[in-house]
Amino acid sequence: MALPATTAPADLDRVLTPAARAFIEDLTRRFRPALKELLAARAVRQARLDAGTERLDFLAETAGVRSDDWKVAPIPRDLLDRRVEITGPVDRKMIINALNSGAQVFMADFEDSLSPTWENVIAGQGNLMDAVRRKIDYTDPVSGKSYRLDAKTAVLLVRPRGLHLEERHFLVDGTPAPAPLVDFGLYLFHNARELLDRKTGPYYYLPKLQGHREARWWNGVMTHAETALGLQVGTARATVLIETLPAAFEMDEILYELRDHIVGLNCGRWDYIFSVIKTLKADRHHVLPDRAQVTMAAHCMRSYTTLLIKTCHRRGAFAMGGMAAQIPIKGDDARNNAALEKVRADKRREAGDGHDGTWVAHPGLVPVALEVFNTVLGGKRNQLDVLREDVRVTAADLLTVPEGTRTEAGLRHNIRVGIHYLAAWLSGNGCVPVYDLMEDAATAEICRSQVWQWLHYKVAVTMESGRPEPLTEAVFLNLAAEEYAAIRNEVGDERFIAAPYARARDLFVELSTAGEFVEFLTLPAYPMLETP
């Protein structure tokens with residue numbers, strides 16, 4: 001279970017030194033007011049989309065940015081080959097295994113795969129300080145097995161939390177600091193000089209941006225932070241995840257605003273699907289089918305990924321593919337081989353389309369993805385020369401509704417995965433293997449938002465009997481009760497009682513049946529962390 005909020009993390013004094021505190025306080029005072037304005041602007045725009053007074057399209061006022069010829073700053077030498085990237089939370093064992101995995105890059109995650117208890121946040125920063133200095137090790141308390149870094153390791157990138165999140169344990173002028181500034185600032189403050197001495201740099205992934213004005217905000221944060229620390233502007237480099245529907249219409253503009261700091265864009269596919277539901281929630285004609293049927297072969301998804309490749313490569317930036325959420329399945333060769341073949345097919349599509357690299361969630365998938373990209377790349381380090389001038393994507397392409405069916409099996413799966421994940425997250429674990437997939441907050445968001453959407457419009461769901469039936473709250477609550485009981489039988493009484501499954505069920509039901517859509521599940525869930 002998560003530690004009570006009154007328990008100070010072991011690494012607190014080492015991470016939050018007086019100088020580090022002052023650095024975060026300065027960033028907060030300078031950039032929190034503008035961030036509040038950006039978040040308010042998000043809400044205003046969403047209200048216009050909900051009311052039908054605005055429709056998503058490419059911006060007329062930035063047409064010049066899209067048509068002009070310009071490039072982003074040259075990419076650092078150690079980021080020129082990113083063919084396979086592994087992601088995961090910032091716990092000690094995970095960092096060592098990921099850096100040793102054989103992947104070119106490890107993205108250490110403070111966002112969707114981390115439950116942001118104060119202990120996890122501070123321990124994660126301490127673990128990264130040790131990893132950067134190659135002083136990190138770990139001994140498993142049960143098996144006694146020791147873990148240390150290999151001579152050759154992946155390049156380290158760090159993903160701070162999204163702009164909408166606060167860090168309630170770090171107050172500035174009596175108000176919680178923006179969580180992204182805490183995560184970004186502490187890593188830069190403690191590690192930038194050490195990383196430069198080791199011929200690398202402070203590299204980041206920036207999540208959940210909705211447009212170029214938010215990219216401009218991040219560029220200002222980076223520039224000021226570099227100047228304050230005596231670093232050359234452009235020392236910090238970032239890859240931006242295109243994982244919101246509005247951002248898909250502003251990829252050129254995002255690259256332009258961050259052109260001194262950016263190295264590429266990434267197809268954050270799971271959050272993107274969630275964002276499609278959330279952004280178009282007021283459109284009853286844009287109800288999605290079962291989560292499993294919204295694949296990368298869907299027209300809207302293919303349009304999004306190929307447009308990203310074309311946009312990035314025209315500007316000299318990397319175009320990174322998405323996450324393979326499958327994990328190796330022990331003790332069942334048939335299921336394991338089927339899972340690996342899904343990964344191969346996904347990576348063949350990405351490499352064949354022109355992506356420069358891809359993501360995996362488990363070290364066991366690194367060789368599978370590497371084999372595919374090695375075959376396509378040959379002797380090249382990337383595919384920046386694949387310009388995809390054949391790609392023509394319109395707003396209608398990005399807004400096409402994926403085809404498919406809505407079924408009781410899909411509904412039940414959403415309920416099960418959502419409750420399982422929330423129970424783990426509330427226990428302090430944000431990266432959870434569930435039913436042969438590695439789930440994080442993004443996939444849990446799809447589960448609860450899809451249930452909300454189906455309930456909101458009382459869409460017809462094909463039940464196990466074969467009959468289509470409008471999804472009502474009564475039907476949903478009955479299924480949720482059944483799935484809750486099934487989870488208890490599945491995990492056993494001891495584990496069920498030890499984890500907060502009841503709170504997870506209540507939160508999932510509350511989010512799914514809310515009259516007004518809740519923007520992010522982590523907003524109501526965060527105050528529930530570290531509650532004795």
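## Ground rules

Residues are numbered from 1 along each chain as its sequence is written, and side-chain values use heavy atoms, with hydrogens and water left out. Because the model is predicted, local features need pLDDT of at least 70 and side-chain atom pairs count only at pLDDT 80 or more, while totals for chains, interfaces and linings use all residues.

Helices (H or I, at least four residues) and strands (E, at least two) are DSSP runs, numbered from the N terminus.

Two packed helices are described by the angle between their axes and the distance between the axes. Axes are lines fitted to C-alpha atoms, for helices over the stretch in contact, and angles run from 0 to 180 degrees between N-to-C directions. Angles under 35 degrees count as roughly parallel, over 145 as roughly antiparallel, 65 to 115 as roughly perpendicular and the rest as oblique.

Take helix H5 (residues 118–132) and helix H6 (residues 179–197). Their axes lie 10 Å apart, at an angle of about 15°. H5 and H6 are therefore roughly parallel. H5 passes H6 in a right-handed crossing (a crossing is right-handed if the near helix is turned clockwise from the far one by less than a right angle, and left-handed if anticlockwise). H5 brings Val121, Gln125, Leu128, Met129 and Val132 to the contact (heavy atoms within 4.5 Å). From H6 come residues including Val182, Leu186, Tyr187 and His190. By class, the contact of H5 with H6 has 8 nonpolar, 3 polar and 2 charged residues. Ala, Val, Leu, Ile, Met, Phe, Trp, Tyr, Cys and Pro count as nonpolar, Asp, Glu, Lys and Arg as charged, and the others, Gly among them, as polar.

## Two antiparallel pairs

Helix H17 (residues 473–491) packs with helix H19 (residues 501–513) at an angle of about 155°, with the axes 11 Å apart. H17 and H19 are therefore roughly antiparallel. H17 passes H19 in a right-handed crossing. On the H17 side, the contact includes Phe476, Leu477, Ala480 and Tyr484. On the H19 side, it includes Tyr501, Arg505, Phe508 and Val509. The residues of the contact of H17 with H19 divide into 10 nonpolar, 2 polar and 2 charged.

The axes of helix H2 (residues 18–51) and H7 cross at roughly 175° and come within 10 Å. H2 and H7 are therefore roughly antiparallel too. Among the contact residues of H2 are Phe23, Asp26, Leu27 and Arg30. Among those of H7 are Arg213, Glu214, Trp217 and Gly220. The contact of H2 with H7 has 10 nonpolar, 2 polar and 5 charged residues.

Glutamate 439 sits in strand E14 (residues 437–439). Its relative accessible area is 2%, so glutamate 439 is buried (buried means under 20%, exposed over 50%, partly exposed in between, with a 1.4 Å probe and protein chains only). The side chain of glutamate 439 makes a polar contact with the side chain of arginine 291, at 3.1 Å. A polar contact is a pair of N or O atoms within 3.5 Å; within protein, one must be able to donate a hydrogen and the other to accept it, and residues adjacent in sequence count only if both atoms are side-chain atoms. Not counting residues up to four places away in sequence, glutamate 439 also touches Val417 and Tyr421, among others.

Histidine 286 lies in the loop between helix H10 (269–279) and helix H11 (299–314). Histidine 286 is buried, at 5% relative accessible area. Its side chain reaches the backbone oxygen of leucine 399 at 3.0 Å. Histidine 212 is in helix H7 (residues 212–228). Histidine 212 is buried as well, at 3%. Histidine 212 and leucine 258 are 46 residues apart in sequence, yet 8.8 Å apart in space, C-alpha to C-alpha.

## Positive phi

Most residues other than glycine have a negative phi, and most peptide bonds are trans. Which way does the phi of arginine 388 go, positive or negative? Arginine 388 has a positive phi, near 50°. Arginine 388 is in the loop between helix H13 (366–377) and helix H14 (395–398). With 19% relative accessibility, arginine 388 counts as buried.

Lysine 458 has a positive phi of about 45°. Lysine 458 is in the loop between helix H16 (441–457) and strand E15 (460–462). At 52% relative accessibility, lysine 458 counts as exposed.
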